[in-house]
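Colleague: I would like to learn how to read a model like this one. Could we go through it feature by feature?

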Amino acid sequence: MLFDIRRILGGLFAVYGVILVVAGLLDGAEEIAKAEGVRINLWTGAGMLVLAAVFLLWERLRPKDVPDPSDESSGDA
Amino acid sequence: MLALAPQDLRLDVNALDHLILALYFAVVVGIGFAARRAIRSSSDFFLAGRALPAWITGLAFVSANLGAIEILGMAANGAQYGLMTVHYYWIGAIPAMVFLGVVMMPFYYRSKVHSVPEFLRRRFNPATQLFNAIAFAVAQVLIAGINLYALALVMEALLGWPLWVSVIVSAAIVLAYITLGGLSSAIYNEVMQFFVIIAGLVPVVVLGLIRVGGFEGLGRKVRESVLGEGGLHTWSTTASTDNPLGASWIGIVFGLGFVLSFGYWTTNFAEVQRGLSARNTNAARLTPIVAAYPKLLIPVVTVIPGLVALVLFSNLGKEGGPAYNYAIPLLMNEFLPNGVLGVAVTGLLASFMAGMAANVSGFNTVFTYDIWKGHVDGGRPDEFYVRLGRLATIGGVVAGIGTAFIAAGFSNIMNYLQALFAFFNAPLFATFIIGLFWKRMTPWAGFWGIIAGTLAAFAVYIPYRAGVFDLGTDLNASFVAAGAAFAVDAVVSVVITLVTTPKPEEELRGLVYGLTDVDLKDDSLAGDRAWYRSPVILGSGALVLAAGLYLPFL
């Protein structure tokens, strides 16, 4: 079985989320005005952190991609 | 309203945006290296070991179709044709995707074939396989090249990268991760691309809607635009062809919804391959059905930005103004500060690569199994074919680069070719559907049906392009060409069947409806019986949703 894609998705969006949240906190008046008065970096970053958390939690709660661990067919790790 | 000159397309990217882009490339190639360790046999390389759950293959299925040509093109259609563009997503995709999952996928998956051409060999004969394999392989390389050229054009306009830099860099990345990790690498990357593309587009949609005053404001402004009231309806204006799309409901239902859509979604190997990599029959059937749900909602991030761009930029699509295709990049430039802008650029690049990777991974499989193993040299050990698959990937990408540079010189010809491929699958669908339900259909009927159908499509489309006869709009021309291909294929298949010998029933077990293969054991997993894993229930849900989504926009 291959590595778990959920961990990669969680990792990538966690990093992106942190980058965007920091960028959003540092955004000046010009950036905010460009985005119609919305701190778009902050909001998008927060959304990505939530997405990352969902993937990482999902992987923790259901470690294998199979519904029932007892009937996993392939024996290789 | 703002008037824009073409040079305004250049985005104001900085180091932060480049960091986001670079991180993405690093993860893409990293997935390739990680996937490489899991490859021990040709089945691992070409079918991802047949071990993936439905949510992964399903998202890869939708992502393989979510190339940037698709995203930019559908936003352009949104600006040009208004809400009628949703026909491409709803009636023009969902029924066919559900049909593939519920009816056809069990035959593909349970016959254990590697590819669509291989299925044709089993159901018909090696000649049918070879014809379809060569046509598919050539088409994939050309489409990959067209994709690459489009990518380079967009990157040149947005970031100022020279054409050849974009072509070489993106081809090298796609080459690296598919040569290393095969189909699993392509599929994992497609899943990641899906989320990055959506993450990049959602901010554009939200800020665009805020600017135009929400859905209500957008509706009012579209009414006042060149599109007028017609831009806000999907069906009520289709009694005649007097609507933005220039198509009647007959054309939309039968041309787009039946012939074009079923042809593309049910027989296009670059899509079907995602289902073949699933872990069991149920997951394979769920693949296109899981994909149907995001597909229902993608117009939110394509058609809406198209409409927003239409009402914001007065000279979009006009003489001297930016082309409709630049609707989304224009909005990115207008609204996104650095940071989110980098995510959106990454999403666009990711979608270009997703499209190309799907072409290349389809190509290497068909070349290795259906052309080389099937018709040149079939007796080698398994490792030989993995190596050949890697070489075919390199060959396919290099040929794609060549096509990209040819496209740069002859972009008109490429446009026509691309239009041709849009209905390339229509005759194939006729052959499949007859062959699946009529066990009498003979091997040579399969062969001559596809040839005659393909020739019929060319016979209608090329004279239309040359101006010999008039079929109204390009869209109508593709409906007529696909319809002709479908009808000619069906008639030829029936006539040839009546004068040739059918295959014995024993050889058709598992390949024809009603002739089950008793030796195949049930491969369902515990939990597959749950209602939320039932292809029929989820498929019906997607159909009901598609119909329901039309209601506010009749």
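Reading the model

Modeller: This is a predicted model. Let us begin with a contact: the side chains of Asn65(B) and Tyr264(B) are joined by a polar contact of 3.2 Å.

Colleague: Where in chain B is Asn65(B) placed?

Modeller: Asn65(B) sits in the loop between α3 (54-64) and α4 (68-81) of chain B.

Colleague: Is Asn65(B) buried or exposed?

Modeller: The cut-off for buried is under 20% relative accessible area. Asn65(B) has 8% relative accessibility and therefore counts as buried.

Colleague: Which residues is Asn65(B) in contact with, leaving aside its neighbours within four places in sequence?

Modeller: Those residues are Glu70(B), Tyr264(B), Trp265(B), Glu271(B) and Lys295(B). Two residues from that list, Glu70(B) and Lys295(B), also meet each other through their side chains in a salt bridge, 3.7 Å from N to O. This pair links distant parts of the chain, with Glu70(B) in helix α4 of chain B and Lys295(B) in helix α12 (residues 281-297), 225 residues apart. Both Glu70(B) and Lys295(B) are buried.

Colleague: How many salt bridges are there over all chains?

Modeller: The count comes to 12. One of them joins the side chains of Arg7(A) and Glu59(A), at 2.7 Å from N to O. Arg7(A) lies in helix α1 of chain A and Glu59(A) in helix α3 of chain A, so the pair ties together parts that are 52 residues apart in sequence.

Colleague: Which residues do salt bridges with shared partners join into one network?

Modeller: Glu36(A), Arg211(B) and Glu334(B) are joined in this way. Across the interface of chain A and chain B, the rule finds 1 salt bridge. Across the same interface, 6 residue pairs are in polar contact.

Colleague: Which helices of chain A supply at least two residues each to the side that touches chain B?

Modeller: They are α1 (5-26), α2 (29-34) and α3 (40-61). Of these, α1(A) gives the most, with 11 residues. By residue type, the side of chain A that touches chain B divides into 22 nonpolar, 2 polar and 8 charged.

Colleague: What area is buried between chain A and chain B?

Modeller: The size of an interface is often given as the accessible area lost when the parts come together. Here, about 3,200 Å² is buried between chain A and chain B, and carbon and sulfur atoms give 76% of that area. In chain A, the residues that lose the most area to chain B are Tyr16(A), Lys34(A) and Glu36(A), together 19% of what that side buries. As a count of residues, 32 of chain A are in contact with 40 of chain B.

Colleague: What should I look for in a nonpolar core?

Modeller: In soluble globular proteins, nonpolar side chains tend to be buried together. In this model, the largest nonpolar core has 190 residues, and those that touch the most other members are Leu9(A), Tyr24(B), Tyr108(B), Leu218(B), Met332(B) and Leu336(B). Helix α8 (residues 163-212) of chain B contributes the largest share of this core, 23 residues. Not counting residues up to four places away in sequence, Leu336(B) touches Lys34(A), Pro203(B), Val204(B), Leu207(B), Leu331(B), Leu341(B) and Ala344(B). There is also a second, separate core of 6 residues, including Val460(B), Tyr461(B), Tyr464(B) and Ala481(B).

Colleague: How many helices and strands are there in chain A?

Modeller: Chain A has 3 helices and 0 strands, and from the N terminus on its elements run α-α-α. Of the 77 residues in chain A, 39% are buried. Among contacts in chain A between residues at least 6 apart in sequence, 70% join residues at least 24 apart.

Key
Residues are numbered from 1 along each chain as its sequence is written. Chains are lettered from A and ligands numbered from 1 in the order in which they are written. This is a predicted model: local features need pLDDT of at least 70, side-chain atom pairs count only at pLDDT 80 or more; totals for chains, interfaces and linings use all residues. Side-chain values use heavy atoms; hydrogens and water are left out. Helices (H or I, at least four residues) and strands (E, at least two) are DSSP runs, numbered from the N terminus. Buried means under 20% relative accessible area, exposed over 50%, partly exposed in between (1.4 Å probe, protein chains only). A polar contact is a pair of N or O atoms within 3.5 Å; within protein, one must be able to donate a hydrogen and the other to accept it, and residues adjacent in sequence count only if both atoms are side-chain atoms. Contact means heavy atoms within 4.5 Å. Buried area is the accessible area (1.4 Å probe) that two parts lose on being put together, summed over both. A salt bridge is a side-chain nitrogen of Lys or Arg within 4 Å of a carboxyl oxygen of Asp or Glu. Ala, Val, Leu, Ile, Met, Phe, Trp, Tyr, Cys and Pro count as nonpolar, Asp, Glu, Lys and Arg as charged, and the others, Gly among them, as polar. A nonpolar core is a set of buried Ala, Val, Leu, Ile, Met, Phe, Trp, Tyr and Cys residues joined through side-chain atoms within 4.5 Å.
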